[in-house]
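Please look at the sequence and the structure shown here before reading on. The report then turns to the ligand and to the aromatic rings.

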Amino acid sequence: MMFYVLNGSPRKNHNTAKILNSAMEGIRSVLPDAEFKWIHVYDYSYSGCVSCYGCKRIGGTYYGRCAKRDSISGLLEEISQGDGLLIGSPVFFHDLPGQLRAFLERLLYPYLVYGQVYTSIALKRFPVAFFYTMNATEEKMKQMLYPVKLSAMEEYAEIVFSRPEIFYCYDTCQFDNYKLYKADRFSEKEKLHIRREQFPKDCLKAAAIGKEIARKAICQNPTASESPDRT
Ligand SMILES: Cc1cc2nc3c(=O)[nH]c(=O)nc-3n(C[C@H](O)[C@H](O)[C@H](O)COP(=O)(O)O)c2cc1C
């Protein structure tokens, strides 16, 4: 089985990537032969949807596929044939980072059918999970309505692929050394405490979601999960 791991953070080894890594290990614990392809979206040069509507043009070459050709065209088609998708997103200004949002516009929109109700013409339905990391505490993020603000992309992912699992990792440590940065609103002591005490627990929760993704992937494609006979 092939799982795609979409890292929406510009940083390849910080909070979001670590949470994604734990989720990946969760999948691996259920499916030891699973394969993973990481996509660090900031490694690619592309734009979001350009409203060419090639994907909606009846009888057109690109009906149901993103017509814009650039560095992610191949990836979009690969993901749509995969067995599961993990999406990691730091929260930027109460939302997904622009680069990740642009990627998801291109991934989801071509499969969305403008019928009386939205339906999907994705090649496969597979399990999806969103992992958000943020500075805000749980209390603050609820006050600021992050779950509502973040839900739009989740809803489209549900229509196109399947109802996503959602995980929020709060109060992340943004800098390795707070003394080097202007960040008076945060207490370095508290942030380091959370990194030491809470973050490992968050990684375990992300791993549990990974296991759930693996179980769903097996239900959707039972034969693909069988280990190859190595005798
Ligand atoms: C441009 C920018 C905007 C941010 N905006 C928010 C925000 O609105 N709310 C929040 O809780 N954290 C915000 N953060 C903090 C990050 O979401 C948080 O530190 C995240 O865990 C970083 O992920 P990373 O360690 O994978 O880079 C912002 C960070 C950056 C760089």
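**The ligand and its contacts**

How far does a backbone N or O atom of His94 lie from an oxygen atom of the ligand? The distance is 2.9 Å, which falls under the rule for a polar contact, a pair of N or O atoms within 3.5 Å. An oxygen atom of the ligand is also 2.6 Å from a polar backbone atom of Val91, and for Ala136 the corresponding distance is 2.9 Å. Taken alone, the ligand exposes 640 Å², of which the protein buries 81% (areas by the Shrake-Rupley method with a 1.4 Å probe).

The model is predicted, with local features needing pLDDT of at least 70 and side-chain atom pairs 80 or more, while totals for chains, interfaces and linings use all residues. Residues are numbered from 1 along each chain, and side-chain values use heavy atoms, without hydrogens and water.

**Aromatic pairs**

Counting rings of Phe, Tyr and Trp (its six-membered ring) whose centres lie within 6.5 Å, there are 14 aromatic pairs. The rings of Tyr132 and Tyr168 have centres 5.7 Å apart and planes at 20 degrees, so this pair is stacked (planes under 30 degrees apart). Because Tyr132 lies in strand S6 (residues 128-133) and Tyr168 in strand S7 (residues 165-169), the pair ties together parts that are 36 residues apart in sequence (strands are DSSP runs of E, at least two residues).

Terms used. A polar contact is a pair of N or O atoms within 3.5 Å; within protein, one must be able to donate a hydrogen and the other to accept it, and residues adjacent in sequence count only if both atoms are side-chain atoms. Rings of Phe, Tyr and Trp (its six-membered ring) pair if their centres lie within 6.5 Å; planes under 30 degrees apart count as stacked, over 60 as edge-to-face and the rest as tilted. Helices (H or I, at least four residues) and strands (E, at least two) are DSSP runs, numbered from the N terminus.
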